[in-house]
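Work through the exercises below with the structure open beside you. Try each task before reading its solution.

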Amino acid sequence: MTDLDGAGVQVLLIATATHQDGGLPSVPSVADSFRDLRTALIERCGVRPEHVTAVLDPADAQSMALAVAKATKRADTVLLVYFIGHGLLTPSGDLYLAAGNTAELTPGMAEHQAYSFAALREAVLASRAASKVVVLDCCFSGRASLGGTSLVTAFNAAPGNGMYLLGSAELLARAPEDAEHTTFTGAFLELLEHGDAEGQQSLTLDAAYYALDRKLRDRQQPVPRRVSGDLSGNLVIASNPAFRTRASTPERQPPADSVCPYPGLGPFTVDRADVFAGRTTMTERLVKATAAAFGEPGPLILVGASGSGKTSLLNAGLLAGLRTHGLPGLPGSTGWPSRRLTPGKTPLRNLADALAPESSDTAESLLANGHAAELVDPLLDHPEQRLVVIVDQLEELFTLCTDPEEQAAFLKAVTTLARSGEGHEPRALVVFALRADFYAQAAAHPELRTVLSESQLLVDPMDAGELRASIEEPAATAQLELEDELAPLILKELGRATGGRYPAEALPLLSHVLQETWKEREGLRLTVSGYLATGGITKAVATTAENVYGRLNAAGQEAVRLMLPRLARVSEDAADTAQPVEWPVLLHGVPDETVARDAIERFADARLLTLDLDTVRISHEALLRAWPQLEQWIDEDRDVLRARQQLASDAASWEQSERDSSLLYRGNRLAAMRERTAAPGAPPLDSVSAGFMESSWRQHTREGRRRRAVFIFFVVLALLATTGLVGAGIYWRRADQAQQRDLARYLAAEAEGQRELHPGLAKQLSLLSYRLDHKAGRSALLNSQRTPGVINGDDPAYDLSYSADGRVLAISTGDSIVLRTRNGDGRIGASCPARSRWRPMAPCSPRPPMTTKAPPRRPYGCGTSPTPTARGNWPRPRRRTRSPRWSSARTETPSSPVHRRARSSAGTPAIRRHCTPCPR
């Protein structure tokens with residue numbers, strides 16, 4: 001069974017053996033290699049015939065591109081594209097695969113003359129297949145660039161997801177005229193037929209690459225190059241026929257008492273100093289710098305990148321040397337007491353536990369008050385002796401401890417131990433170990449700023465000789481034998497994986513792959529085949545983690561998915577770091593705690609995790625970057641992890657400020673944090689964070705009730721105010737109406753009293769009373785018809801009538817009818833041509849606007865109601881005997897008591913003796 005025998009596999013073979021018009025030389029061995037390779041893929045690799053597309057001598061680049069496009073669309077699981085033929089390189093480094101009509105490339109026409117490797121790579125990466133394999137058996141295949149303006153070759157750039165690229169030669173590929181096959185494809189066919197005697201049971205892509213590399217190197221032929229993404233190198237392409245000949249050899253069983261000399265992802269301890277190799281020079285520098293701190297009091301700080309081996313240097317270098325040889329130039333320093341600690345979340349407590357574990361509470365109080373020296377004196381036998389204090393992973397002071405005051409107190413306590421006091425010498429030699437990417441955070445503290453500027457020791461990266469020593473010397477100490485090609489192969493892979501350099505951060509990968517190679521040993525011999533089985537330098541960690549994860553059942557895998565991201569501390573401005581997590585927090589939310597504990601213990605057995613008394617932590621932060629699955633999980637949970645870290649920091653600040661309510665969450669921030677902390681599977685909060693969230697929610701509830709009460713109060717107040725205003729308006733309107741009514745009644749009464757003696761004045765008072773209140777003045781106005789009088793100066797008034805709604809008063813003057821309304825006065829009919837049919841008259845007094853208009857009643861004494869004539873005038877009423885002109889009314893003055901009372905009460909102008917006459 002191979003990974004190429006599935007239904008979703010697509011294999012595309014393209015070979016150009018013959019060229020038209022003699023543009024490029026034809027290569028007969030290409031055609032034979034093409035046919036035999038197709039047969040081997042079907043018979044040896046298990047590829048179904050219908051899944052193999054073979055294109056021999058494509059006419060042009062377009063036909064090659066169409067074939068690639070069809071294959072990429074059909075592939076679901078594995079896509080393999082294999083090209084054999086000429087490769088042409090442009091001056092800019094772009095690789096082109098020759099077609100049948102390809103000749104020498106013309107600048108600006110290369111895309112039309114040959115198939116671009118950049119286009120091939122782009123098409124393959126667009127495929128939905130999980131594994132994408134491209135094999136190029138052509139010249140310059142190992143120097144193909146990414147195309148465009150990029151000068152980076154495809155073998156130096158990061159590979160695409162699931163991409164595996166294998167090139168036959170960096171310069172010229174070989175195809176001898178008398179050979180049946182091309183050099184590279186011929187070696188590949190031999191491997192499929194005869195196998196690799198040093199390989200494992202299955203031939204993977206990586207195993208095939210290493211076997212071809214050894215075979216072609218031995219034959220002094222061009223060696224291949226490869227680059228792989230994810231775990232694509234583990235793709236099984238065939239079984240290894242040579243494996244059966246040594247499958248049952250008894251020497252493969254390792255000795256029962258064999259001990260691995262490589263710590264894997266963990267650091268070297270003091271007890272394993274005998275297998276700590278390759279760091280002789282750096283260890284000497286560290287020991288001398290520590291001894292120099294005795295004469296120049298003050299801490300020493302060791303700065304290096306993550307994975308540079310700082311902890312191993314302190315343990316197996318400094319402390320082990322102090323135990324056996326002491327410090328140079330300091331007689332009697334052998335066996336000086338030492339204490340090692342990491343800051344963690346509570347640095348003062350950890351320091352107190354290290355100095356006085358039997359009374360840590362008292363010790364913590366002394367440290368906080370600046371009396372650290374009192375804790376060291378009991379540990380020293382004589383005044384010349386010093387306590388060696390190792391503070392490893394100082395970056396935890398900035399990542400795990402969120403209290404600035406405790407950070408400052410811890411640094412003050414530790415640095416005080418290394419400096420002279422009043423009347424006493426320094427009590428300790430203090431050595432810090434700091435990760436380089438936290439340099440800025442450390443420099444922000446005054447206690448560390450001086451140390452960084454005066455007593456800093458930088459960890460140097462290891463060179464090739466030191467790396468080789470770290471591989472071979474531990475094996476020799478453990479009486480293990482290394483296969484001759486193993487160390488060069490590992491160093492070669494390490495250089496390729498790190499861009500040709502040997503950075504310090506690659507040491508955990510090297511140590512882990514050596515540990516996994518030891519597990520695949522044959523007796524006491526570490527072999528190349530065992531190394532290949534681990535996945536190589538770049539994939540050993542991922543392979544180990546995937547193997548452990550793959551052997552778990554569904555419940556265990558689900559638990560691991562929930563728990564492992566909690567062991568990482570994410571950051572926005574720095575790389576993710578590992579953090580220890582307590583068991584209850586780690587196990588919260590998992591369906592089955594027993595299954596979860598078993599899964600964690602399996603990862604710990606593989607040296608990927610470290611189990612302490614109450615906590616679990618990642619053995620090395622290299623796991624965060626070397627295992628793609630874990631990296632993906634962390635990215636998926638990054639927002640939640642960052643939010644919980646921010647919550648812990650804010651809760652600590654709230655606790656330190658004596659629970660200041662102004663620091664509590666409010667509004668949207670509180671709602672968002674509650675949603676994230678209550679999400680399914682979210683770990684429980686610590687006591688401080690839980691109290692912080694509870695106080696925030698209580699305050700939010702109180703403020704909500706307060707806001708609702710204030711809102712209700714103002715609503716009720718507004719309703720009451722509106723009701724009061726409406727009631728007051730109604731009251732004042734009714735009071736005004738009552739005042740008008742009383743005045744109208746008074747004027748009506750006065751009119752009745754003056755009717756016999758002063759009929760003119762009585763008529764005016766009646767009219768004013770009617771205007772003030774129709775109901776109260778109607779009777780007086782009607783009674784005015786029984787007495788003679790004039791209106792509008794000299795016009796007599798024969799009859800009065802009002803409309804049904806009381807809004808229009810009609811007065812008959814004999815030759816016309818005067819209409820009085822609230823909008824003004826008018827006249828119907830006239831005795832002279834100067835008068836119009838309807839003429840507005842000047843109002844006697846201001847009146848509110850009225851719109852209703854009705855015809856006057858029948859004139860007093862007429863037998864029929866008046867109707868308009870053909871000219872539109874009203875008929876002239878029958879004249880009655882003219883009454884006197886109310887001469888008595890003319891003698892009255894506006895200063896009479898009646899006028900004054902009417903003017904002061906009604907707010908109207910003084911009563912006129914006559915209305916304004918109509919002009920004639």
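## Exercise 1: a sheet and its helices

Task: In β5, which residue is the bridge partner of Leu 88?

Solution. The model is predicted. Step one: find Leu 88 and look across to β5, where Tyr 96 is its bridge partner. Step two: widen the view to the strands. β4 and β5 (residues 95-98) pair in the antiparallel sense, over 3 bridges. In general, strands of a sheet pair through backbone hydrogen bonds.

Task: Give the strand order of this sheet, and name its edge strands.

Solution. Step one: read the order, which is β4-β5-β6 in an open sheet of 3 strands with antiparallel pairing. Step two: look for strands that pair on one side only. These edge strands are β4 (87-89) and β6 (114-116). Step three: follow the twist, which averages 35° from one strand to the next.

Task: Which strands does helix α2 touch as it packs on the sheet?

Solution. Step one: locate α2 at residues 61-74; it touches β5 and β6. Step two: take its direction, which makes about 40° with that of β6. Step three: turn to helix α4 (residues 117-125). α4 also packs on the sheet, touching β5 and β6, and its direction makes about 50° with that of β6.

## Exercise 2: the cores

Task: Which residues touch the most other members of the largest nonpolar core?

Solution. Step one: the core has 68 residues, and Ile 237 and Tyr 531 touch the most other members. Step two: find the largest share. Helix α6 (residues 205-218) supplies it, with 8 residues. Step three: look for a second, separate core. That one has 38 residues, including Leu 609 and Val 616.

Notes
Residues are numbered from 1 along each chain as its sequence is written. This is a predicted model: local features need pLDDT of at least 70, side-chain atom pairs count only at pLDDT 80 or more; totals for chains, interfaces and linings use all residues. Side-chain values use heavy atoms; hydrogens and water are left out. Two strands pair if DSSP finds at least two bridges between them. Helices (H or I, at least four residues) and strands (E, at least two) are DSSP runs, numbered from the N terminus. Axes are lines fitted to C-alpha atoms, for helices over the stretch in contact, and angles run from 0 to 180 degrees between N-to-C directions. Contact means heavy atoms within 4.5 Å. A nonpolar core is a set of buried Ala, Val, Leu, Ile, Met, Phe, Trp, Tyr and Cys residues joined through side-chain atoms within 4.5 Å. Buried means under 20% relative accessible area, exposed over 50%, partly exposed in between (1.4 Å probe, protein chains only).
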